[in-house]
Amino acid sequence: MPIEVSGELFSTLTEVADFVDVTRQTIWRWRKAGKIPDGRKYRGREVLFNQDEVESIYNYANRLEPGDLAPEFEHQLKLFRQDSAKAQTN
């Protein structure tokens, strides 16, 4: 349940983690890496996020990134592409 402070609604770190379906540790790691907003400390211990920050975290958690192949698989793909090219010319 959001907390109202000075007329603005805030969500706790736990609520945000549940909302975006990740662990609290993931939220802490993303904060430390600067990938999501830091939020604000409430009463010296609880981390709170306003609604804009929650939306930003949700968007980060649900982003799509291009897939990178590990270098060890690139060799295998080259072999597959060569076999495919041979099959098309026959």
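Visitor: Which residue caps the N-terminal end of α3?

Guide: Helices here are DSSP runs of H or I with at least four residues, strands are runs of E with at least two, and both are numbered from the N terminus. In this predicted model, the cap of α3 is Asn50, with a side-chain oxygen 3.1 Å from the backbone nitrogen of Asp52. Residues are numbered from 1 along each chain as its sequence is written, and side-chain values use heavy atoms, leaving out hydrogens and water. Local features need pLDDT of at least 70, side-chain atom pairs count only at pLDDT 80 or more, and totals for chains, interfaces and linings use all residues.

Visitor: Which residues of α3 are buried?

Guide: Buried means under 20% relative accessible area, exposed means over 50%, and partly exposed lies in between, with a 1.4 Å probe and protein chains only. In α3, residues 51–61, the buried ones are Glu53, Val54, Ile57 and Tyr60. Because they cover an arc of only 125° around the axis, they are on the same side of α3; the arc is that of the directions from the helix axis to the C-beta atoms.

Visitor: What do the buried residues of α3 pack against?

Guide: Contact means heavy atoms within 4.5 Å, and the partners of these buried residues are β2 (8–12), α1, α2, β3 (40–42) and β4 (46–50).

Visitor: Where does Thr23 lie?

Guide: Thr23 is in the loop between α1 (13–20) and α2 (24–33), and is partly exposed, at a relative accessible area of 42%.

Methods: Polar contact = N/O pair within 3.5 Å; in protein donor to acceptor, adjacent residues only side chain to side chain.
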